[in-house]
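Welcome, and please take a moment to look over the sequence and the model below.

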Amino acid sequence: MEVRFRFKGEVRILDTLIAGLKDVCATFPDKRKADGVYSMSDIGMSAFSLFFMQSDSFLSYQRSLAEGRKTSNCQTLFGITKIPSDNHIRSMLDPVHPSLLQPVFDQVVATLCAHEAMSAFQRLGGRTLIALDGTEYFCSQKIGCPHCQTRKRSNGKVESYHAMLAATVVAPGHARVIPLMPEFIVKPDGAEKQDCERNAAKRWLAAHAQRMAPLNPIYLGDDLFACQPIAEAIISGGADFLMTAKPDSHKALYDFMSGAEMNELIVRRKEGYKTITARYRWFIATPLRDGKDALTVNWIGVTFSNEKGKITYDNAFVTSLPVTRTTVAEIATCARARWKVENESFNVLKNNGYALEHNFGHGKQNLAMTFAAMNMLAFAFHTICDCLEKLWIKAREAKHARKRLFEHIRTITVYHVFPTWDALMQTIIDAKPPPNIDTQIGL
Ligand SMILES: [Zn+2]
């Protein structure tokens with residue numbers, strides 16, 4: 001008996017997101033001349049399901065379930081009619097450029113806005129902090145593709161690698177982050193010169209600054225991005241920047257301020273038994289670089305020290321935001337939220353279930369990039385579930401951590417076909433399957 005893809009129960013936001021992704025996968029270019037056995041939507045959704053379920057063996061377990069029961073969780077949870085082989089998925093998705101997933105990344109932000117979850121990420125009076133940061137997600141001395149960047153190791157061997165410029169919504173005090181569409185750092189076709197993070201940031205801003213404008217963004221970045229072309233690109237898009245600026249790489253800026261009197265604010269606060277002394281210094285209007293056309297920026301220096309006077313944190317930032325005695329501390333807190341990209345995003349993506357650096361398949365055209373984008377999209381869907389899906393949140397709380405939740409999802413979907421996401425979540429919450437689970441899927 002055929003089991004149709006159903007949108008039932010409470011987990012509606014996730015169902016809507018999955019249905020949106022399914023529609024987008026159906027638009028992927030199909031290199032086959034004639035109609036294939038598997039639709040592009042089944043092929044795309046099958047790949048995505050691996051990342052969403054955080055299990056590279058999910059499809060093989062579901063194929064076994066489908067043999068005995070004529071249905072599987074691929075069908076009931078992801079709307080997949082037929083599960084293609086791993087090789088077929090790789091071959092068919094290689095021509096698919098990751099930018100085709102953009103409408104689904106847009107849907108993620110739109111969903112958070114529509115459910116008023118975006119305001120929890122906003123700071124400084126309705127501003128959204130978007131951190132731009134590069135990360136590597138593939139490295140090999142054996143596998144490569146024409147888009148791989150290359151470098152020579154000290155043993156003389158040439159290594160191929162892939163990196164991306166990630167854009168992530170972060171907020172101090174918020175436990176979650178929202179990954180946006182990344183910009184891939186790739187060797188352009190036929191080019192001799194390698195691509196770099198700065199160029200990728202410029203491309204990201206050119207492609208996305210307008211799209212992000214309604215969120216009223218402030219872009220965060222490390223010292224590498226605190227340069228005139230990127231600052232200008234941000235300002236011309238109507239946004240602001242807040243970037244780390246070190247003395248070694250910003251000589252003109254620090255020379256200009258040398259010997260000048262600084263504004264200063266000292267704040268003491270209790271953190272448990274400890275007293276932290278925060279010292280904020282700021283300077284209004286200093287040139288970002290040498291030359292007459294240099295952009296004028298505001299500078300903030302922050303140090304934290306303990307009771308013994310020992311400095312525990314010392315950093316400095318440049319910004320296009322107006323800095324005053326009342327705003328300097330909050331601006332500095334926002335600038336420091338950039339660490340969340342390392343901790344809450346890259347670390348989670350690489351070491352906490354998403355296996356971003358695992359080689360799911362490399363391809364010759366786009367596969368490595370498209371898989372990485374799908375992995376980030378899975379992370380974005382999970383963030384929405386963590387913020388908005390009541391049963392998902394309850395299931396996560398029942399298992400005390402996101403990692404444990406996925407262990408349970410992986411295990412029980414090997415043995416049971418769940419008619420809906422809420423049946424799956426309820427099973428995890430109750431620690432037993434619903435009594436009529438098999439009749440619900442028509443067995
Ligand atoms: Zn490659």
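In which loop does Q54 lie? Q54 is in the loop between α2 and α3 (58–69). Before going on, two notes on reading the report. This is a predicted model, in which local features need pLDDT of at least 70 and side-chain atom pairs count only at pLDDT 80 or more, while totals for chains, interfaces and linings use all residues. Residue numbers start from 1 along each chain as its sequence is written.

**Helix α2 and the residue after it**

Helices here are DSSP runs of H or I with at least four residues, strands are runs of E with at least two, and both are numbered from the N terminus. Helix α2 covers residues 40–53. The expected span of a helix is 1.5 Å times one less than its number of residues. For the 14 residues of α2 that should be 20 Å, and the end C-alpha atoms are 20 Å apart, which agrees.

A residue is called buried if 20 or more other C-beta atoms (placed from the backbone) lie within 10 Å of its own, exposed if 12 or fewer do, and partly exposed in between. In α2, 14 of the 14 residues are buried, so the helix is largely enclosed by the rest of the structure. Q54 follows α2, and Q54 is buried too, with 22 other C-beta atoms within 10 Å.

Most residues other than glycine have a negative phi. Q54 is not a glycine, yet its phi is positive, about 55°. A285 also has a positive phi, near 70°, in a residue other than glycine. A285 sits in strand β10 (residues 274–287), and with 9 other C-beta atoms within 10 Å it is exposed.

**Two helices side by side**

Two packed helices are described by the angle between their axes and the distance between the axes. Helix α7 (residues 197–212) and helix α8 (residues 228–236) have axes that come within 10 Å and cross at roughly 10°. Axes are lines fitted to C-alpha atoms, for helices over the stretch in contact, with angles from 0 to 180 degrees between N-to-C directions. That crossing makes α7 roughly parallel to α8 (angles under 35 degrees count as roughly parallel, over 145 as roughly antiparallel, 65 to 115 as roughly perpendicular and the rest as oblique).

Residues are in contact if their C-beta atoms, placed from the backbone, lie within 7 Å. From α7 the contact uses R198, A201, K202 and L205, and from α8 it uses P229, I230, A233 and I234.

R198 is part of α7 and counts as partly exposed, with 17 C-beta neighbours inside 10 Å. Apart from neighbours within four places in sequence, R198 is in contact with L224, F225 and I230.

**A buried strand residue and a loop residue**

A166 belongs to strand β4 (residues 158–170) and is buried, with 25 other C-beta atoms within 10 Å. Not counting residues up to four places away in sequence, A166 touches D133, T135, P179, P182, V341 and S345. T71 is in the loop between α3 and α4 (73–78) and is partly exposed, with 19 C-beta neighbours inside 10 Å.

The table lists C-alpha separations for some residue pairs.

| Pair | Apart along the chain | C-alpha separation |
|---|---|---|
| R198 and I230 | 32 residues | 7.8 Å |
| T71 and F418 | 347 residues | 10.0 Å |
| A166 and A19 | 147 residues | 25 Å |

**The domains**

The chain is divided into domain 1 (12–93 + 389–440) and domain 2 (230–337), with bounds from an automatic or database domain assignment. The C-alpha centres of domain 1 and domain 2 lie 47 Å apart.

Note on methods
Two residues are in contact if their C-beta atoms, placed from the backbone, lie within 7 Å.
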